[in-house]
Amino acid sequence: MVLGSMAPRRRWLLVGLAALAVVALIAAGTVVITRLTGDNKPGGAPVAGSPTPSPVGAPTPSPSGPPPGADITGPLNLLLVGVDTRVSVPGWEPHSDAVLVLHVPKGLDRAYLFSLPRDLLVDIPAFPKAGYKGGKTKLTHAMSFGSRVPGKPKQPSTAQGYELLRSTVSGYTGLRIDAGAVLTFNGFDRLVTALGGVDIYVDQRVESMHRRPDGKYRESAPGGYKGPQQVYEKGERHLNGWQALDYARQRYIAGGDYARQRHQQQLIRAMTRKILDEGLAKQPERVDQVVSALGDTLVYVGGRRIVDIAYALSGLPENRFTLVGLPGSGVGKGSSYRGEQLSAEGRKFLTELRAGRADAYLAAHPTLVVKN
């Protein structure tokens with residue numbers, strides 16, 4: 001493939017990122033980073049099947065040369081993390097409220113996106129950089145523990161927290177994480193707004209804990225919130241930025257955090273379809289709007305430049321992009337609740353995924369495939 005003008009380049013970038021799906025959330029911020037610095041951010045292992053990443057400031061290949069990422073063959077594993085919006089509060093340690101993994105097998109012709117429960121009980125390895133000795137606890141704490149900077153209790157490092165989370169996820173799934181991104185939830189809101197909203201099938205009635213019907217936040221009250229609630233009724237809906245974020249955040253609903261994981265995956269797919277169906281990538285002025293949407297809500301990017309991965313995945317068919325819901329259950333009850341564990345069926349999926357047998361396993365266990 002030969003690179004042409006900036007417009008085709010943007011087109012391939014966004015289509016590749018749309019194929020990634022998680023990228024619907026990280027595309028704009030990554031384009032900004034790439035455009036301003038041409039930088040490879042630290043924190044991720046080199047991409048499988050690729051040479052050592054180019055040094056900072058390395059020139060972009062010429063129009064007659066191979067496109068960025070042409071040497072990437074896979075497999076690829078990318079980690080997308082949504083963090084609590086209170087990272088803007090000085091001294092607040094980031095917690096991973098949403099943890100999604102995108103696996104693209106060797107050949108780059110299909111992809112699987114799955115979520116891990118925020119309360120999943122995992123072995124978090126020792127992390128001397130943060131003074132953490134390791135232990136078995138909830139996945140959401142990995143980023144928090146890893147973000148602690150000795151001697152600077154009021155200056156947690158989100159990038160450092162991502163390092164420990166990445167190691168924890170890799171240890172649990174057995175997958176090598178090649179690149180990733182951390183975003184605040186405001187990034188979801190801004191990007192959906194920049195896209196003009198998304199169309200999504202609401203698969204169950206959802207009452208918002210956080211928002212009123214007019215979009216304003218509900219008032220805090222002892223034990224929760226008070227006042228009228230925004231309600232998302234079952235069926236095809238068009239959601240604006242704050243509605244999409246709000247819908248995807250709710251976990252005190254039927255199905256709990258597992259339903260929330262499903263809704264987050266559906267939102268990502270809806271954003272991907274929006275980019276493709278409306279030809280967004282062919283409209284430079286709209287691309288620029290999306291590029292500026294995230295601003296500083298993209299907290300961190302790790303691994304080889306996403307622009308390289310985007311080009312590598314630009315041919316990934318949308319119908320080969322599968323959302324997978326991993327079932328699980330609680331460990332302990334009431335005051336003795338310790339967290340969540342995946343079912344044997346969910347854990348077996350990870351085994352089959354690593355072995356390259358995911359399609360056969362999903363065919364035999366169709367309830368794991370997220371519909372709508």
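User: What makes Leu108 count as buried or exposed?

Analyst: In this predicted model, Leu108 has a relative accessible area of 10%. Buried means under 20%, so Leu108 is buried. You will find Leu108 in the loop between strand 2 and strand 3. Its backbone deserves a look too: phi is positive, about 55°, although Leu108 is not a glycine. For background, most residues other than glycine have a negative phi.

User: Which peptide bond is cis, and how do you know?

Analyst: The bond that joins Gly74 and Pro75 is cis, with omega at about 0°. Pro75 has its place in the loop between helix 2 (23-37) and strand 1. As a general point, most peptide bonds are trans.

User: Why is the pair of Tyr132 and Phe145 called stacked?

Analyst: Happy to take that in steps. Three aromatic pairs are counted in total. For Tyr132 and Phe145, the ring centres are 4.8 Å apart and the planes meet at 25°. Pairing needs centres within 6.5 Å, and stacking needs planes under 30 degrees apart, so this pair is stacked. The pair links distant parts of the chain, 13 residues apart: Tyr132 is in the loop between strand 4 (121-124) and strand 5 (135-138), and Phe145 is in helix 3 (residues 140-146). Both Tyr132 and Phe145 are buried.

User: Where does the charged end of Arg211 sit?

Analyst: Over the ring of Tyr217, at 4.2 Å from the ring centre. The distance limit for such a charge is 6 Å.

User: What makes Ala358 buried or exposed, and which residues does Ala358 contact?

Analyst: The relative accessibility of Ala358 is 3%; with buried set at under 20%, Ala358 counts as buried. Ala358 is part of helix 11. Leaving aside neighbours within four places in sequence, its contacts are Tyr112, Phe349, Glu352 and Leu353. Between Ala358 and Tyr112 there are 246 residues of sequence separation, yet the C-alpha to C-alpha distance is 8.7 Å.

User: Which residues touch the most other members of the largest nonpolar core, and which elements supply it?

Analyst: That core has 35 residues, and Phe114, Val169 and Phe349 touch the most other members. At least two residues come from each of strand 1 (76-83), strand 2 (96-104), strand 3 (111-116), strand 4, helix 3, helix 4 (158-173), helix 10 (344-354) and helix 11 (358-364). Helix 4 gives the most, with four residues. Phe114 itself touches a list of residues beyond four places in sequence, including Val99, Leu175, Val324 and Phe349. Another core, of 22 residues, lies apart from the largest one and has Ala98, Ala179, Ile268 and Ala312 among its members.

User: How many residues does the chain have, and what share counts as buried?

Analyst: The chain has 372 residues, and 53% of them count as buried. It holds eleven helices and 16 strands. Of the contacts between residues at least 6 apart in sequence, 69% join residues at least 24 apart.

User: What is the mean pLDDT, and where is the pLDDT below 50?

Analyst: The mean is 77, and 70% of the residues reach 70 or more. Over residues 1-62 the pLDDT is below 50, and this stretch has 156 contacts in the model beyond near neighbours in sequence.

Methods. Residues numbered from 1 in each chain as written. Predicted model: local features only at pLDDT ≥ 70, side-chain atom pairs only at ≥ 80, totals over all residues. Heavy atoms only, no water. Phe/Tyr/Trp six-rings, centres within 6.5 Å; stacked < 30°, edge-to-face > 60°. Buried < 20%, exposed > 50% of the residue type's maximum accessible area, 1.4 Å probe, protein only. Lys NZ or Arg CZ within 6 Å of the ring centre and 35° of its normal. pLDDT = per-residue confidence, 0-100. Contact = heavy atoms within 4.5 Å. Core = buried A, V, L, I, M, F, W, Y, C linked by side-chain atoms within 4.5 Å.
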